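Subject: Structure for you to look at

Hello,

Here is the structure I said I would pass on. Please open it first, then read the notes below it.

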Amino acid sequence: MKNFLTELFKNIVQQYWIEVTTAKPNCVYYFGPFSTYKEAKLAEPGFIEDLESENAQGIKAEVKRCQPQELTISDQLNDNSDVACA
């Protein structure tokens, strides 16, 4: 029962974020928060276009419910274990 309530709370509290990964530079970017999945999906192309205009390569985007601690994570950092995503 405790696990169920913990998961339920996480789903209620966490908002939607767009997680964008790039191969060059090797980074993870978080854009948000958004109240709904649809709102995040509608905003996604604009963030991708911005990264393309900066010559980023290997761009992949995914909408997630999460609470990122940092908005930009590069390969110079250890890993992205400080990001709680569903």
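Which residues make up the largest nonpolar core? The core consists of Tyr16, Ile18, Val20, Cys27, Tyr29, Phe31, Phe34, Ala40, Leu51, Ala56 and Val63, eleven residues in all. A nonpolar core here is a set of buried Ala, Val, Leu, Ile, Met, Phe, Trp, Tyr and Cys residues joined through side-chain atoms within 4.5 Å. Buried means under 20% relative accessible area, exposed means over 50%, and partly exposed is in between (1.4 Å probe, protein chains only). At least two residues of this core come from each of β1 (15-22), β2 (27-34) and α2 (37-53). With four residues, β2 gives the most. Apart from this core lies another one of five residues, including Trp17, Tyr30, Cys66 and Ile73.

Before going on, some notes on the source. The model is predicted: local features need pLDDT of at least 70 and side-chain atom pairs count only at pLDDT 80 or more, while totals for chains, interfaces and linings use all residues. Residues are numbered from 1 along each chain as its sequence is written, and side-chain values use heavy atoms, with hydrogens and water left out.

The pLDDT is the predictor's confidence in each residue, from 0 to 100. Its mean over the protein chain is 84, and 74% of the residues reach 70 or more. In residues 78-86 the pLDDT is below 50, and this stretch has 20 contacts in the model beyond near neighbours in sequence. A contact means heavy atoms within 4.5 Å.

Now the overall layout. The protein chain has two helices and five strands, in the order α-β-β-α-β-β-β along the sequence. Helices (H or I, at least four residues) and strands (E, at least two) are DSSP runs, numbered from the N terminus. Of the 86 residues in the protein chain, 29% are buried.

Rings of Phe, Tyr and Trp (its six-membered ring) pair if their centres lie within 6.5 Å; planes under 30 degrees apart count as stacked, over 60 as edge-to-face and the rest as tilted. Tyrosine 16 and tyrosine 37 have ring centres 6.1 Å apart and planes at 75°, so they are edge-to-face. This pair links strand β1, which holds tyrosine 16, to helix α2, which holds tyrosine 37, 21 residues apart. Tyrosine 16 is buried at 17% relative accessible area, whereas tyrosine 37 is partly exposed at 44%. Phenylalanine 31 and phenylalanine 47 form a stacked pair, 4.1 Å centre to centre with 15° between the planes. Phenylalanine 47 is partly exposed, with a relative accessible area of 23%. Ring pairs also link Tyr29, Phe31 and Phe47 into a cluster.

Last, the backbone. Most residues other than glycine have a negative phi, and most peptide bonds are trans. A cis peptide bond joins lysine 24 and proline 25, with omega about -5°, and proline 25 is in the loop between β1 and β2. The bond from glycine 32 to proline 33 is also cis, with omega near 5°; proline 33 lies in strand β2. Asparagine 55 has a positive phi, near 65°, and lies in the loop between α2 and β3 (60-67). Asparagine 55 is exposed, at 61% relative accessible area.

Regards
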